[in-house]
Amino acid sequence: MDNHHHHHDHPENDARYLGLTVNSGVNQPPVVNPYMKRRPRRRQLSAGELVEGILKGDVTMLSQAVTMIESLSPEHQSVAQEVIEKCLPYSGKSRRIGITGVPGAGKSTSIDVFGLHVLRGGGKLAVLAIDPSSERTKGSILGDKTRMERLSQHPSAFIRPSPSAGSLGGVARKTRETIVLCEAAGYNNIFVETVGVGQSETAVHSMVDFFLLIQLAGTGDELQGIKRGIMEMADGIVINKADGDNIGPAQLAQAQFRSALHLFPPTESGWQPEVLTYSGYYELAIPEVWDMVDRYFEFVNANGYFERRRLHQARYWMRETIDEQLRSHFYNNPEIAAMLAEKEMRVLSNRQSSFTAAREVLEAYFNEA
């Protein structure tokens, strides 16, 4: 290891954390004992061994398999895909719940408390995250993991930060595959959390059964601050920090959200989204929130929507995966990459229209394929 660490290895040295430095450590002298052998590297487990471990609920095996799903190495990918195929028959028996909220809404505290509440009923809980920005922030949920203090120490909880590899599509597909493994390992409650900004909600919505939106009261313009698209996805809106002086404003916000929801077209499931208030910090009205979730599941199981939606989601992910593979096959082709650069120059200098340029690149690609 060279001793001048790159800046990003130590996020603590960022200007935002002035006054907190982490030194890179000292170059160690060579080991003196000539008879010491290097520890052999841990043998790569086969797909069969991983699956066997996962089905027993072995967390180490589960973690290793998830790491392989997230790996960019082709050999890891092929093992991972085999593990997923073999786990599929044992998956699906869980409640998948998407949780989103604007930054500052107290999501981590809430997930901690909601998770403990769910685990009191027995069973196991996996908390996964989709955060395409985690490339930049180097995994915000890791900070959250310390904020989910009790949950991260709970033996029946498995917490996994967002895979940091690239595009939202890639991150989302990996999370969806991780859900399959978690379910096969006996996790019958899955929380998928997202950062409450941008496109990641749509991705989460495409892999969960129930979508919970955490809001705050007290700013007076609650409804402006939240994108209509996210509100339309919500099966339940819960307003956090309904405690102390904030109870009045929280109830006011609740009334505003209720009336806003009435203006939306009816949901596909026929379920009328509910708006509740609670306090994550003081752990108030937590059972009420989960009673609503229970009512939703009874409702969609009774009218057949639950099964229908899961089948739609499976088809959606098939298409998404095809799209993603096609795109990467195209852009990773060296001849195409060279041709693209050249065509872009022509388009940018107005020597060729974007349409003919695109057509020529595609023709070259299809002739080669």
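What follows is a chat about the words used for this structure.

Guide: Keep in mind that this is a predicted model. The chain has 16 helices and seven strands.

Visitor: How do you know that cysteine 87 is in no disulfide?
Guide: A disulfide needs two cysteine sulfur atoms within 2.5 Å. For cysteine 87, the nearest cysteine sulfur belongs to cysteine 182 and is 10.0 Å away.

Visitor: Which residues touch the most other members of the largest nonpolar core?
Guide: Those are Val83 and Leu181, in a core of 53 residues. Helix α8, residues 168-184, gives the largest share of this core, with seven residues. There's also a second, separate core of 33 residues, and Phe210 and Trp271 are among its members.

Visitor: What does valine 83 touch?
Guide: Leaving out residues up to four places away in sequence, valine 83 touches Ala47, Leu50, Val51, Ile54, Ala65 and Leu181.

Visitor: Now the strands. What makes β1 and β4 a pair?
Guide: Two strands pair if there are at least two bridges between them. Strand β1 (residues 95-101) and strand β4 (residues 189-194) have six, in the parallel sense, so they pass. One of the links joins isoleucine 97 to its bridge partner in β4, phenylalanine 191.

Visitor: What is the order of the strands in the open sheet?
Guide: The seven strands run β3-β2-β4-β1-β5-β6-β7, with parallel pairing.

Visitor: Why are β3 and β7 said to stand at the edges?
Guide: Each has a single partner strand, so one side of β3 (157-160) and one side of β7 (274-277) is left without a neighbour in the sheet. Ignoring direction, neighbouring strands are turned by 20° against each other on average.

Visitor: Where does α8 lie relative to the strands?
Guide: α8 lies across β1, β2, β3 and β4, and runs at about 175° to β2. Helix α4, residues 107-120, runs at about 175° to β4.

Terms used
Residues numbered from 1 in each chain as written. Predicted model: local features only at pLDDT ≥ 70, side-chain atom pairs only at ≥ 80, totals over all residues. Heavy atoms only, no water. Helix = DSSP H or I, 4+ residues; strand = E, 2+ residues; numbered from the N terminus. Core = buried A, V, L, I, M, F, W, Y, C linked by side-chain atoms within 4.5 Å. Buried < 20%, exposed > 50% of the residue type's maximum accessible area, 1.4 Å probe, protein only. Contact = heavy atoms within 4.5 Å. Axes fitted to C-alpha atoms, helices over the stretch in contact; angles between N-to-C directions.
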